[in-house]
Structures are given as C-alpha cells and as structure tokens.
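Me: I've just opened this one and I'm new to it. Can you walk me through it?

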Amino acid sequence: MAFVGRVAPLRRIADALRDAGAGRAELVLVTGESGIGKTALAGRAAEDAARDGWRTVWATCWDGAPALWPWAQVVRAVVDDHDVDPGEELGRLVPGLPAPVAAEQDDLARLRLFDAVARLLERAAPLLVVIDDLHWADPSSLRLLEFVAGAHRTAPLTVVAVYRPDELAAGGLASVATRAQAVHLGGLDAAETTELVAQLAGERAAREWGEPVFRRAGGHPFFTRELAHALASGGGGAGVPAVVGEVIARRVSRLTPACAAMLEVAAVAGVELRLDLLSEVMELEPGQAADLVAEACGAGILLAGPRPRFAHDLYRESIGRTLAPARLRSLHHALGVGLTDRTAVPAEIARHLALAMPQGDIRQVTRWALTAAKADSARLAFAEAAAQAERVLDQAEAAGCPLPADDRVDLLVAAGDARLRAGEAAAARQHLDSAWSIATGLGDPARQGAVALALTGLGARFAMPRTVLVNALDQAYRASEGTATAIEARLAAALARELQHSVPRERPRARPLAERAVRIARDLDDPATLATCLLARHDTIWTPGTQAERIEIAAEIATLATDQERHAEAWLLLASAQLEDGSPAFRATLAEYFEAATALRQPRHDYLVLTRRAALALLDGDLAGGERLVHEAAELGDRLGEPDTGNVRMSQLLEVVRAGGEPDRLRALAAEAVRWWVGAPVHAHAVAAGFLARAGDLDSARREVDTVLALGGWQADRSYLWSVYIGELAEAAIRLGDTRLCERLLAELAPVAGGCAVNGALVCFMGAHAQRIGRLHAALGDAGQARTWLERAAETHRRLGATLWEADHPVTSGHVTLRRSGELWLIQYGGRAAHLRDAKGLRDLATLTSRPGVPVHVLDLTGPIAPPPAATQPVLDRAAVTAYRSRLADLEAELADAGDCHDGGRLERASEERESILAELREHVAPGGGIRAFRAAEVERARKAVAGRVRDSIRRISEVLPEAGAHLDRTVRTGVHCVYDSG
C-alpha cells in the first residue's frame, strides 16, 4: 500500500519504542477520523520496529465482538507465533488454553487474569502490540489496556492503539489517556497528496489532477486513494465523485452481482470472513466463495489472507448501510444459525440472533444470550455480560416480538446481577424489580427464588424496616419450603439475615431459619451454599457474649469460601469477634482482611476498607486521622450509593466526639442520633442520654433516659448494637447518680464482663466492658470493686494497644493529670476524663501538675519571648530575698526533723523546695550579696502571657470537667513563679 508523509508521527512512535526499550511500558494512542491513515501509520511503524528486532502482534476490535476480544487475539498470536508458555489463567480468555481449576468470578480473579496477560507480553518482549479500531473496544478491554499501560514493566513493551475520537464512548479512555502519548493525524498537505496520486495513478495524472484531488479530498488519504484509483481507471476529472460513498458504490458496481451479494453478507458478518460460512449462507458450491473473495481482493475492497477482511472499515460500513431492514435481519439470522454449527464464541452467535428478531426461535435467542452473558462473566467482563441480556430485551421490544415470561425473568436477572457486579446499583435494581413483578405470577419457585436472592445483593440500611425485600424472600422461601434443596437453604439463609438486620420485632424469626438453612446445606455437601448459610447463622447469634462461637463460624466460612469476596468477609467477621474477645490476634486477622479486600479492586470494598482503617486509627488513639478517614469513607459511600453509609458514619463519629469531649459537639451529635436512628429508638435515645450527660446537660439527659425506660425492650434488644447503647445508658446513669439504674446495668453487663464493646463488624471499638462495670461500682460507692474492674479494663486496653482507651482510665486521687496524645490532651480528675485540643495553656498546666508543690519560673514555661532589653530593675527586692532566706532556715529545721523521724516523703518534698529556692537565689543574688540587675520587662511579659493562657485553659477544662476546672482554679497560682498546690 502506498505510504507518504507522516514523518513526525512516526518519530513519536519510534521515541516510544526507544523509551520502552529502557524498561518502561509505553502506550501511544493514534487518533483521527475514519480513513485518515491511522492503520497505515501503525503498519509502517511496525515495519520500522521489526528492523530493530521488535516482535509485533495485531488485534482488531469490532462492534459486537465478545468481551476482551482484542486481547484474546493478542494472547493467541503471542502463544502461537512466539513460543511463550501462557499459564493456566489465560484459559479464561482464549478457548483451548489450560484454564484454572477454580472458576472464581470476582475482581481478584479479574486482577489475576489481567496480570497474566501483562506477564505474557513481557515474556514475549521486545514486543509491539497494535490494537486497531479501539473505538469499538468493550469496557473490559479498555480496563485491561489501562492495566498493561499503568505499571512499570521489566521488559520492553509498547502498545499502539488507533481509534476514531467521534465514535469512542464518552470517558472510555480518560484514565488511559493520562498515561499515553497522543498522536493526532490530520490530512495530507498538497505536496503529499500529489505524491500519493503519483504512486497510484502515475506522474501524468498527478501533474494534471494532484491539485483538484487535494481540493476534493481535503488531504484525506482514503478519499485520495479512491479518487486516484478512479483516475487510474480512466474516470477523469468530470468523473471525480463528491463523496466517498459514491466512490465505493462505483467500485462495487463494477463487480459481478454474485460478488456484490457476497460483500453484503461479509459486511453483516463482521470484520473477518469465514469462507465456509459464506458458502452456507449464500448456498454456493465448494470453491465459489473463494473465487468471489478473490474478485473482491482484486478490486481492492478485501484483503487476502487466511481470514480475508475489508481493506477499510469504510467499505464495510458503506455497504452495510445500503441494506434494507428485512434483508439485514435475514442475513443476521442466517449467520447466527450458521455459527451455531461451528466453533464460535457465544457472544457472536447471540448478537446475530438478537439482531435478526423477530425471525427465528425466540427461546434459542434467549438461550444464546444467557450463554454469552455467562461466558462474559467468566471472563470477568460484567458490563458486557449485562449487555448480552439487555440486547435481547431491547431488540424484542423494537421488533414487536413479545418474549415468554420465563425468558424475560432469566434475562432480567442475568442483566441485574451483572450490572450489580459492575457497580451499577441503580440499573441493577431496575432490572431486578421488573424481574420480580413478572416472576411472582409464574408459579415457578426456582425463578422466584433466583430473583429474590439477586435482590438481596442491593443491600439495605440497618435498623430500618425491609418490608419489600423480606416479603419477596418470604414468598420465594415458602414456595420452595420442604424441598431440602440448595435454593431452599439459600433462601432461608437470606431471609434470616434480612430479618436479623431489620427492626427488632422482625428478629425472633431469624435464628430458626438460619439453623434450618445450615442443616440442609450440611446434608447437601455444597461448600458454597454452606458458607452462605453459616453467614446467616453467624448474624443471627451476633450479640455480646457469643464471640467464641462466632470465631469458630467465621473461621469455617473462610475455609469453605470459594470466592474472594466471601473470603474477605470471613476475615472481617473473625477480626471483629477476636477484638470483642479481647484478643490482640485481631490485628493480624484485620491485616489479612485489608489485603484480601483491597485486592478485589471494587469501589464498594474500597469503601469498606476505608471505614475499618478509620476504626483502627481511633482505637490506636489517632483521633484527628481517624476523623479524616471517617469523612473520606462517608464521601465515597455516598458517591457509590452504599445504603449503610450513614449508619457507619454516625457510629464512628460517636467515638470521635466522645473522645473529644467538646460540649457543643456532644449536644449536636445527641440530637442527630435521635433523628438518624428512627428505626431503633431505644438505641437512639440511649446514645443521646450518654452524650448529653457528658456535655453537662443533665436535665436533658434525664429526659432521654426516661424515654428509653418508657419505650421498654432495652434489655431484650440484643443486636450487635447492644454494647453501644448499654454503654451510653451507663454513662448517663453514672453522671445522673441514678443508683437504681446503675444496679440494673451492672446486672446486664455482668455476663459479658470479660469482653469488649465492638460496634458492628469492627465499625468502631467502644472499650472493655470491665471499664463500665468499674465505673458503675464506683458510682454505687464500692471502691474496692471499682479498682479491681478498672485495673482489669486497663490491662485489656494495654493488651489490645487501644491507646485512646488505655489513656482514658480515671485516677482516684485528688490530683488532676494531663497527658498528651497527638493534637489532643487527656484530662483526668475524680474518676472522670475528657479530651481537649492542644493549647499552650494546657502544656503549662501539664508541667505544673506533673510537679505538684514545686514553683516553676515563667521563663521555664515560655523560654525567652523577646530580645533582652536593657536591664535596669531587679526582679527580687530585698524583702523577697529576706523571705527566701527565712524559708531556707525553716526548711533546714524541717529536713532535720524528717530525718530523725525517717519520714521519706517529708524529706523529699523539703529537699526539692530547698533546691528550688537556692537556684532562685543563685540566679538573682550576686556573690557579694547584692541583687543582680535582670530583664524585668521580659519577665513581666512572660508572666502576663502565662497567666492569661493558663486561666483560659482552666476555663476550657471547666466546660468539659467542671470539677477539674474548679479544682485547678483553687490550686494553680500564677506569677513570676507558678505552682500547682494540690494539697
């Protein structure tokens, strides 16, 4: 084929090959309108690369091809031509290659497939992969292209992909394009056009017609070639057509009628032609199809080869557009039927049969569409799998061809399930709702059950009625009840889970259903079904005190799981139960969960990982980082439409705001809890009671406690949120001094005393139950029991590394203590604690309270605060020096008496004060006894600064711990020397 110009684009591709030769994967995207010369450019680049030792493989996308079709071509070419071992993962992609034994259909399997393709390409390096007509690539092919181009490669690899920008799905290449070199092809200039005409039609034609052809074709290479061929055949200037369609029609008109008819069949068949199929569809004698193909090749419309193809897509498209609708449907039907008797991918057969409707057997159309959808799902191409079923539904409607009701249900379930796997929840719900409305009238338990189970994948919000979903599952379960089949077991398990996670009145039915499901599944010897039923069993016993049994169940699910998603779920449940049991092994298990869930590379699992990382950060004491992750996760969950996002966010904010201890946030979250958890009012009002009590609003807290008691059922509602609301009810009872309620709560907590409070599946850690038991004993005046249980809680928190809770153990002395954790300070006093954000005054108080009774100079708290001015005034006057010396005499007597009495405490305190006074005198009294001149202005500024910020911090402490604030107000003295005199 003639080739002119394109020097700069060829240089860009050559540069990419050179860069890839240095060990980097390179991607070049060549774009331009149809016929502009994109494929010709890639071909010339491949020829140049071959001279430098590069191997080249070609793939072509086409409309209606199976998912991952271009990559299947690439893999087959590499395996056949370059003697490279494919490995078993690639059997998913190319029939005939060894396939993996386990047929997982999750994103981890998809990742393994993508990685296997990339590694195969690396083993064939140096390799140039050319992908033609990328605008027709399916979404999964684009994802694989992104994967191949998105990572560092250890071997030289370059991909050149060509596409028409006007036919590319919006955003389809957005993420790929950021990693690619873009080459945009425009038209040839006048000189290049003339050169091309000369190559095709001779120098004389070029001199005479070069300029007119350039004006007519606008430098478009394909149009230029066609016009040049017309000139070469004697068309002359008067015969130059205005549009390429006329050129193609004129060229086809010169062929025999049989060849023209063959091209019509070929245009409908696809990119590549099968001579045996052409012969059957056209009812030709052996050898006739080959003769007709040879005629078309001679005319330049087809290219010869084992699988002949059109010289350019414009030929195929132009010929196809001339066909009448009836003729088009007839050819699709003949091709679809012909392919069913041959080795062909299901997607190709399904496409032809669907486009032929209403011709043919409707049930055969459905069967092939479902087969194609299953094949695409096996390739992990879920959007394409959904499209297989949707095509039949759309074509049936367009053709006025009603589908049988059971076929419609099967197609809608297949489309809904695939859309859900592709992360398109809204489209999935629409399909499944339609399927349910049809299935309920069929009287077919299996189909009804399939739809009901598919509906559970959409998810729901915790503690809200799930009436529609529960009714659907209930109806489907009753239709299959007593069959002892896998569908009965799965429906019983699904119904049990939905009832358990609904409102409290629904839960009593859940456990018997889960137990029946497990019994059926164990008799069936079906690991996947048993894992599903055990999950229901786990959820129906999920309450504090059952963690030992749940650990065993989660471990068995992990062993039985046949897909990575269920495996990750088992790790999370196991980690949560271990944490509830107070076992530090939860960290290793949670790490396993993070690895498994991250490998799935699904947005929903990214959200789940973010929420659990937030929980871990809060447990570890990183309050600021944990809150940031809480909000990041909530934003992602909202974008994904994750139904339980709000519940998780609220649950984690309870810990953030509780630890922060800021009254305004405590009150605001109390109000939000009542608004949010409308489906679980006991839980909502108990949380509000605890948070209002912490904020010091005891009257409002009392009203919330009374609401909980009036509602009733707080002792019976034993969901996995029990620990949360019992803990907050205990907080309110303690602060309100409600001894009767404290006694009742102590009895409730006694059976779970050895465990910890964990909200949901490790959504948030809420501390050891022993800590609340200890505080309840303290509120009831039993100091001995309080000390025992608080020490036990402290040990649990240390063992778990629960920094935020480890620092939160109340002190029993009359001292205030301040401990810093990141940007927060923990303040403890009189059995209570709170957190405040960092401030200089809190740092000053921490220094003073760590040295009770010891005066601290303001400059030791501030350091130098200004360049020293001229010193003209003494800091200590004579009276102060006399007072210091008098105090030294008293201390000498105190030291002697303490020594005689062997009173170590008095001796230590007197010695520290003596040393402090001596240091002060040495600083301010000269060797001769005179008083040193000092930086009076600097000291005065430091005194004022420290006094102001200490008093401000005491005010802030009073807002969250009034007793602590009052104590500090009495015992902290500021001045040139500051002191905490705790008495």
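Me: How many salt bridges does a search of the whole structure find?
Reply: The search finds 45 salt bridges, where a salt bridge is a side-chain nitrogen of Lys or Arg within 4 Å of a carboxyl oxygen of Asp or Glu. Keep in mind that this is a predicted model, in which local features need pLDDT of at least 70, side-chain atom pairs count only at pLDDT 80 or more, and totals for chains, interfaces and linings use all residues. Residues are numbered from 1 along each chain as its sequence is written, and side-chain values use heavy atoms, with hydrogens and water left out.

Me: OK, which residue does R522 meet in a salt bridge?
Reply: R522 meets E556, at 3.1 Å from N to O. The pair links distant parts of the chain, 34 residues apart: R522 sits in helix α24 (residues 510-524) and E556 in helix α26 (residues 547-560). Helices here are DSSP runs of H or I with at least four residues, strands are runs of E with at least two, and both are numbered from the N terminus.

Me: How exposed are R522 and E556?
Reply: R522 is partly exposed at 44% relative accessible area, and E556 is partly exposed at 27%. Buried means under 20%, exposed means over 50%, and partly exposed is in between, with a 1.4 Å probe and protein chains only.

Me: And what does D620 meet in a salt bridge?
Reply: The side chain of D620 meets R587, with 2.6 Å from N to O. D620 lies in the loop between α29 (603-619) and α30 (623-640), while R587 is in helix α28 (residues 586-600), so the pair ties together parts that are 33 residues apart in sequence. D620 is partly exposed, at 31% relative accessibility, and R587 is partly exposed too, with a relative accessible area of 31%.

Me: Switching to helices. How are two packed helices described?
Reply: By the angle between their axes and the distance between the axes. Axes are lines fitted to C-alpha atoms, for helices over the stretch in contact, and angles run from 0 to 180 degrees between N-to-C directions.

Me: So at what angle do α18 and α19 pack?
Reply: Helix α18 (residues 382-398) and helix α19 (residues 405-421) pack at about 155°, with their axes 8 Å apart. The two are therefore roughly antiparallel; under 35 degrees counts as roughly parallel, over 145 as roughly antiparallel, 65 to 115 as roughly perpendicular, and the rest as oblique. The crossing is left-handed, meaning the near helix is turned anticlockwise from the far one by less than a right angle, with clockwise being right-handed.

Me: Which residues in α18 and α19 meet?
Reply: Among them are F382, A383 and L393 in α18, and R408, L411 and R421 in α19. Contact means heavy atoms within 4.5 Å. By class, this contact has 13 nonpolar, no polar and four charged residues. Ala, Val, Leu, Ile, Met, Phe, Trp, Tyr, Cys and Pro count as nonpolar, Asp, Glu, Lys and Arg as charged, and the others, Gly among them, as polar.

Me: At roughly what angle do α11 and α15 cross?
Reply: Helix α11 (residues 257-269) and helix α15 (residues 325-340) cross at roughly 70°, and their axes come within 10 Å. That pair is therefore roughly perpendicular. A261, E264, V265, V268 and A269 of α11 make the contact with R327, L328, L331, H332 and L335 of α15. Those residues divide into seven nonpolar, one polar and two charged.

Me: And A615, is that buried or exposed?
Reply: A615 is buried, with a relative accessible area of 2%, and it lies in helix α29. Leaving aside neighbours within four places in sequence, A615 is in contact with Q652, L762, V763 and C764. A615 and C764 are 149 residues apart in sequence and 4.9 Å apart in space, C-alpha to C-alpha.

Me: Last one: how many helices and strands are in the chain?
Reply: The protein chain has 45 helices and 15 strands. Of its 983 residues, 54% are buried.
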